[in-house]
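Here is my note on the model you sent.

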Amino acid sequence: MVLKKLLVSVLIVSSSLIQAQSIQDKISGVLTRVHSTTNYSVLVYNPLTRDTVYKINNTVPLIPASNTKLYSTAAALSYMGGEFSLSTKLLSDDKNLSDGVVNGNIYLKGYGNSIFSESDMDLMASELRKKGIYKVTGSIIGDDTYFDNVYTRDDWIDDEVSNVNLPPISALVVDRNRKVVTQKIRRRVRSVLVEIDDPSLNAAGKFKDKLISNGITVLGVINKGKAPNNVVPLTEANIKLRDLVKLINKNSDNFLAECLFKTIGAVVSGVEGNAFYATQALKTFLDENAIYSQGTNLVDGSGISRFDLTTTNSIVSLLEKMYFDLANFEDYHSSLSIAGVDGTLRHRLRGTLAENKFCGKTGTLNGVTSLSGYLTKNNNEDLIISMIFQFTQGGNGYYKDIEDEIITLLAQSN
């Protein structure tokens, strides 16, 4: 009987080893299609058994593209929590509004609410009118001092040559810091979106117009500056961090990611939202959580910089940390795109066992594609997967097909 049990155990172990070898051979077979000039890295890991299912070049630093957003959103959730509110506040230096007059200034102050819009302004102005406000004797002042006034990435990343242009990154945002203007193009008049020059003045000007259209007289001008400490709140518009993180990761939104990057710097430093404090906060996050960071250098929050570097070892280590973070994993996991369902993965892996089973973050730059996330197999076993391909031959589609084929093989494996 003892011998029989021993033989059964040996057979089970042997079967598992054969299956593991089989999936490794299959993945290696797919990777034979990678061009010899391509730098690439693949790591597949089981967080519960702590087994490495597959690895190749997993400690080689490569450009992660938008997989960088996995770091910035994880750090944001860890530092602030999903309930944290990013707001745009309307403030006044007049403490007595019972007479319907704001005897002083109104301040529109941004605290990293990067989805604030003219529709939100309409609601704010309407709310003031409903409170009986009919006159403002002072000025309308835009305040974006929660961040620094370095609005462009080129100014905070030395020698940056980005092929993705973004509107000004500011604490006070209205309609993604863009506006519609009429231009004459090839003898035709067209309405086009352009970036605004000064976020504070732009917001102040738009809000003054909203107040006037709601029947509120404004005697002062528009200006920019910092709200004094003794102001009183009138109203605000906000978004929960968990909802913002979902917008960032599912659709790989670069503008929202860069605004969040500076918000992390502001919250963690308690001083100001700027690239230096944000970068230091990310480094501290990696160190304090024992996330593998050798070869990792992050200079932004979105991943559109080619100076961002990391390894699949680091990404998997990050995803493992969040996997066991009971307070934040649900918000983090639900922010990822679902294969065949939504976000940047909505058209991928359809009709495979990975459809609706793989949740991940894509990344795409010229000559770079990456994909990392969580796969739940039919036996409810979870795998953490990270892949980066940096190439000069073949296109993004070619390597995305390889990524999809590897995930499909893993979904089919026992």
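1. A search of the whole structure, which is a predicted model, finds zero disulfides. Cys 259 counts as buried because its relative accessibility is 1%, under the 20% cut-off. Cys 359, at 8% relative accessibility, counts as buried as well.

2. Confidence. The mean pLDDT of the protein chain is 93, and 94% of its residues reach 70 or more. One stretch needs a caveat: over residues 3–17 pLDDT stays under 50. For these residues 3–17 the model has zero contacts beyond four places in sequence. Where pLDDT is low, the predicted coordinates should not be read in detail.

3. Overall description. The protein chain has 414 residues, of which 53% count as buried. Ten helices and 16 strands are assigned in the protein chain. Its C-alpha atoms fill a box of roughly 95 × 60 × 40 Å along the principal axes. Of the contacts between residues at least 6 apart in sequence, 69% join residues at least 24 apart.

4. Five-stranded sheet. In which order do the five strands of the open, mixed sheet run? The order is β11-β7-β5-β3-β12. At the edges are β11 (222–224) and β12 (232–240), each of which pairs on one side only. On average, and ignoring direction, neighbouring strands of this sheet are turned by 20 degrees against each other. Strand β7 (residues 140–143) runs parallel to β11, and three bridges join the two. In that pairing, Ile 141 has Asn 223 of β11 as its bridge partner.

5. Three-stranded sheet. Another open sheet has three strands in the order β4-β6-β10, with parallel pairing. Its edge strands are β4 (101–102) and β10 (217–218), and each pairs on one side only. Two bridges join β4 to β6 (residues 135–136). Val 102 has its bridge partner in β6, namely Val 136.

6. Strands β8 (residues 178–185) and β9 (residues 188–195) run antiparallel and are joined by eight bridges. One of the paired positions is Lys 179, whose bridge partner in β9 is Val 194.

7. Nonpolar cores. Which residues touch the most other members of the largest nonpolar core? They are Leu 241, Leu 260, Leu 318, Tyr 332 and Tyr 374, in a core of 51 residues. The elements giving two or more residues to this core are β1 (39–46), α2 (68–80), α5, α6 (254–269), α7 (275–288), α8 (312–323) and β16 (382–390). Apart from its neighbours within four places in sequence, Leu 241 is in contact with Ala 76, Leu 77, Met 80, Gly 81, Gly 82, Phe 84, Leu 86 and Leu 260. A second, separate core has 29 residues, among them Val 30, Leu 31, Leu 345 and Ala 354.

8. Backbone points to check. Asn 356 is not a glycine, yet has a positive phi of about 65 degrees. Asn 356 sits in the loop between β13 (337–338) and β14 (358–365). Asn 380 also has a positive phi, near 65 degrees, and belongs to the loop between β15 (368–376) and β16. Is Asn 380 buried or exposed? Asn 380 counts as exposed because its relative accessibility is 60%, over the 50% cut-off.

Notes:
Residues are numbered from 1 along each chain as its sequence is written. This is a predicted model: local features need pLDDT of at least 70, side-chain atom pairs count only at pLDDT 80 or more; totals for chains, interfaces and linings use all residues. Side-chain values use heavy atoms; hydrogens and water are left out. Two strands pair if DSSP finds at least two bridges between them. Helices (H or I, at least four residues) and strands (E, at least two) are DSSP runs, numbered from the N terminus. Axes are lines fitted to C-alpha atoms, for helices over the stretch in contact, and angles run from 0 to 180 degrees between N-to-C directions. pLDDT is the predictor's confidence in each residue, from 0 to 100. Contact means heavy atoms within 4.5 Å. A disulfide is a pair of cysteine sulfur atoms within 2.5 Å. Buried means under 20% relative accessible area, exposed over 50%, partly exposed in between (1.4 Å probe, protein chains only). A nonpolar core is a set of buried Ala, Val, Leu, Ile, Met, Phe, Trp, Tyr and Cys residues joined through side-chain atoms within 4.5 Å.
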